[in-house]
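Here is a short briefing on a single protein chain. Look at the fold first, then work through the points by topic.

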Amino acid sequence: MSGRALYSGALAVLAVALVPAVVTAEEADDADNGHAIELSVQSSGGAPPLLRIEAASEAGISAIRLDSGVGRFEIDAGGASRIETTVTPFHEPGEYRVRFTVLPAEGSDAEPLERELEIGFIDFRFGRDNFSFGNNGETIHGSVKPYSETLFGWFDERGVELDAVGEAVLLNETYDIFKGTVGRCYAFAASQERYMRFPDSRPDWYDEIYDIHSADLPVHREMNRLQNDIVFEHFVAGDRDVHHEQTPEELGEELEIILRRIAGGEPVTVSYLAPERHHAMLVYGYTRWSGEEEIVLLTANNWGREQESNLVSTDAEYIRIVASEGTAEWIDAPVRAYRRADKLFVVNVRDEAYDLDPAVIEELIERRVAELFESGEVLVVVENAAAAAVVDAEGRRSGRYGRRIRREIDEVEFRLVSENALFRLPADFEGSLVVEGFEAEDAVDRGIVHAPAGATDIDGPPLNVWSLVPGDESTADAARVFVSRRVRPEPDEKLELAIEAGQVQL
């Protein structure tokens, strides 16, 4: 890059560092004669955003001008066919309209290109407002695997007493909400929002969120409580249904809430629900080309560790939304299953403790048992399984068998959620449940760190099995649960448990 930069009223930084694409606009003023001017603006970091500007034209570029309303910036391109620069043209958080003008080289018949970018952001900084540890399996101190331990302890703390029927129903319900994986995304995103909006909720011996130590168990426990509070308030006792088909109008309403919150300087925790994944991230800004509907949300993700670079952070992620089409897309999602969502919700994060109405939980348990009774089905939940499959009398399998997923039995419904398997069987099913556990090393690699008292170092975690039979009436009182939390196959052993009349024999 050659030329000189002229700027006033704002900080300008010139560089050629590459960052992931966030927003891109391309204009072709005269595409047929090859004199088109192309402009892209990208960003990857916290506040204030560092914008990476690229412009190109075969006929050459004279200069790029930028006006954010609080500062002006110009770079002399000297007729180059391509130019790259980075600049942060903002003094403080807020909402801006940034005017970009790309001037063609002298003698070119191309017209100047003008575009206006709308951008809003709050005072969110990587290395200050994010956690230094991640929701990526590396932080064993705050593990939620198996989830039953965290879930049932949380119910006790909230004053809800569960019998075995309630445990089986609610554990299945929770795994169903999580969809394909179990993690702590709400614990991270919502805790960041809580600490930012309500600083007194942060332990006073930490000056910033980033200072919180990864081994601080009380903080982890509170993070996990907040996740359960949110999941049950919204998806169990509330009006958020992970299986609901969100309309474009509903997505547009959620987007308006997000924009109002950003305009007010507040972070926003959002649920991002793809068909096979359920995730949460913290929104701290947005970008949109004026006159276009597509909008990009700037979010923090906390999948990595020690993300302290505020200008370019790998934990900065971007969600592209077109409300009229009802679509939300995670730009450059690292996992294919996360790339496109069919629902996006705003999460309510409170400062104070959440109220959990035991009557709502009892009603849910009764309703789920009645549904099983009416459908003539049995519920089986298996935790911590390297493999779990139902086998019928003909040898057909449904579940994970070895490394493969099989769905050979039409009347058996199967879902896999991380290391856990959910089954629905006909009440008269005859066959077996084949399960395989993890060795200790594999379990630790997957973040499953709990083991029974007295377990040796070579023992892996036990498999937990709940087998729920509705009974002869459609009430929770008539239902029966057969449960074992100490099913322990030997390493590399497949343990076969008989199923008689839909009931797993433990």
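Helices (H or I, at least four residues) and strands (E, at least two) are DSSP runs, numbered from the N terminus. On that basis L311 lies in the loop between β12 (295-300) and β13 (316-322). This is a predicted model: local features need pLDDT of at least 70, side-chain atom pairs count only at pLDDT 80 or more, and totals for chains, interfaces and linings use all residues. Residues are numbered from 1 along each chain as its sequence is written, and side-chain values use heavy atoms, with hydrogens and water left out.

**Overall make-up**

- The protein has seven helices and 27 strands.
- It has 506 residues, and 55% of them count as buried. Buried means under 20% relative accessible area, exposed means over 50%, and partly exposed is in between (1.4 Å probe, protein chains only).
- Accessible areas come from the Shrake-Rupley method with a 1.4 Å probe; for residues, only the protein chains shown count as cover.
- Contact means heavy atoms within 4.5 Å. Among contacts with a separation of 6 or more, residues 24 or more positions apart account for 69%.

- L311 is partly exposed, because its relative accessible area is 46%.
- Not counting residues up to four places away in sequence, L311 touches S44, G45 and L50.
- L311 and L50 are 261 residues apart along the chain, yet their C-alpha atoms are separated by 6.0 Å.
- E306 is also found in the loop between β12 and β13. Its phi is positive, about 55 degrees, although E306 is not a glycine.
- E306 counts as exposed because its relative accessible area is 56%.

**Other backbone features**

- A cis peptide bond joins A47 and P48, with omega about -5 degrees. P48 lies in the loop between β3 (38-43) and β4 (51-56).
- N384 has a positive phi near 65 degrees and is a residue other than glycine. Its place is the loop between β17 (377-383) and β18 (387-392).
- N384 has a relative accessible area of 3%, so it is buried.

**Around P267**

- P267 is found in the loop between α5 (248-263) and β10 (268-274).
- The relative accessible area of P267 is 3%, so this residue is buried.
- Neighbours within four places in sequence aside, P267 is in contact with I122, E193, M196, R197, R261, L282 and V283.
- P267 and Y284 are 17 residues apart in sequence and 5.2 Å apart in space, C-alpha to C-alpha.

**Salt bridges**

- Side chains of opposite charge can pair when their charged atoms come close. A salt bridge here is a side-chain nitrogen of Lys or Arg within 4 Å of a carboxyl oxygen of Asp or Glu. By this rule the count comes to 34.
- R99 and E116 form one of them, at 3.9 Å, N to O. This pair links distant parts of the chain: R99 sits in strand β8 (residues 94-104) and E116 in strand β9 (residues 113-121), 17 residues apart.
- R99 is partly exposed, at 33% relative accessible area.
- D342 and K343 meet in a salt bridge at 3.0 Å, N to O. D342 is partly exposed at 31%, whereas K343 is buried at 4%.
- R396 and E394 also meet in a salt bridge, at 3.7 Å, N to O. R396 is partly exposed at 35%, and E394 is exposed at 62%.
- Salt bridges that share partners join R97, R99, E114, E116, E118 and R288 into one network.

**Surface charge**

- Which residues gather in a patch of negative charge on the surface? They are D163, D200, D351, E352, D355, D357, E362, E366, D472, E473 and D477.
- Patches are made of residues with over 30% relative accessible area and no salt bridge: like charges are joined within 9 Å, nonpolar side chains (Val, Leu, Ile, Met, Phe, Trp, Tyr) within 5 Å.
- Lys and Arg count as positive and Asp and Glu as negative; His and the chain ends are not counted. The place of a charge is taken as NZ of Lys, CZ of Arg, CG of Asp or CD of Glu.
- D477 sits in the loop between β24 (463-469) and β25 (480-487). D477 counts as exposed because its relative accessibility is 75%.
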